[in-house]
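Student: I am new to this structure, and I would like to go through it with you step by step. Could we begin by looking at the sequence and the model together?

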Amino acid sequence: MSKKIRTQEVEDLFDAILSLKDKEECFRFFEDICTTNEILSFAQRFQVAKMLENKHTYQDIAEKSGASTATISRVKRAIDDGSGGYKMIFERLQ
């Protein structure tokens with residue numbers, strides 16, 4: 001994990017997120033802490049990651065998700081060279 005985000009403030013935020021008990025609590029918390037566009041951007045990136053994992057082409061992903069090729073490339077780079085977060089989640093969701 002990047003040392004840039006390992007701050008006490010981020011630790012506190014992650015502790016708060018880990019205390020959420022269900023989707024309804026997630027909706028309530030994230031609607032308060034994030035803008036609608038931020039939440040939708042997170043969701044779009046996750047959708048792009050799922051499509052990349054399922055071997056969709058960039059063109060198909062762009063058409064279906066509305067994501068730019070720059071966003072798709074960024075997500076692909078995170079999957080290939082990141083800290084393994086996407087892969088961990090995909091394994092858990094199977």
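Student: Which residues make up the largest nonpolar core?

Tutor: This is a predicted model, in which local features need pLDDT of at least 70 and side-chain atom pairs count only at pLDDT 80 or more, while totals for chains, interfaces and linings use all residues. Residues are numbered from 1 along each chain as its sequence is written, and side-chain values use heavy atoms, with hydrogens and water left out. A nonpolar core is a set of buried Ala, Val, Leu, Ile, Met, Phe, Trp, Tyr and Cys residues joined through side-chain atoms within 4.5 Å, where buried means under 20% relative accessible area, exposed over 50% and partly exposed in between, with a 1.4 Å probe and protein chains only. The largest such core has 10 residues, namely Val48, Ala49, Met51, Leu52, Ile61, Ala67, Ile72, Val75, Ile79 and Phe90.

Student: Which element gives the most residues to this core?

Tutor: Helices are DSSP runs of H or I with at least four residues, strands are runs of E with at least two, and both are numbered from the N terminus. Two or more residues of the core come from each of α3 and α5, the latter spanning 69-81. The element that gives the most, with 4 residues, is α3.

Student: How many helices and how many strands does the protein chain have?

Tutor: Read from the N terminus on, the elements of the protein chain run α-α-α-α-α-α. The secondary structure therefore comes, with runs defined by DSSP as above, to a total of 6 helices and 0 strands.

Student: At what angle do helix α3 and helix α4 pack?

Tutor: Axes are lines fitted to C-alpha atoms, for helices over the stretch in contact, and angles run from 0 to 180 degrees between N-to-C directions. Contact means heavy atoms within 4.5 Å, and Gln44, Val48, Met51 and Leu52 in α3 meet Tyr58, Asp60, Ile61, Lys64 and Ser65 in α4. Helix α3 covers residues 36-53 and helix α4 residues 58-65, their axes lie 10 Å apart, and the angle is about 145 degrees.

Student: Is Phe90 buried or exposed?

Tutor: Phe90 touches Phe46, Ala49, Lys50 and Glu53, not counting residues up to four places away in sequence, and ring pairs link Phe46, Tyr86 and Phe90 into a cluster. Tyr86 is partly exposed, with a relative accessible area of 21%. Phe90, with a relative accessible area of 12%, is buried.

Student: Which residues does Thr71 touch, not counting residues up to four places away in sequence?

Tutor: Thr71 has its place in helix α5, and at 13% relative accessibility Thr71 counts as buried. With those neighbours in sequence left out, the residues that Thr71 touches are Gln44 and Arg45.

How values were computed:
Rings of Phe, Tyr and Trp (its six-membered ring) pair if their centres lie within 6.5 Å; planes under 30 degrees apart count as stacked, over 60 as edge-to-face and the rest as tilted.
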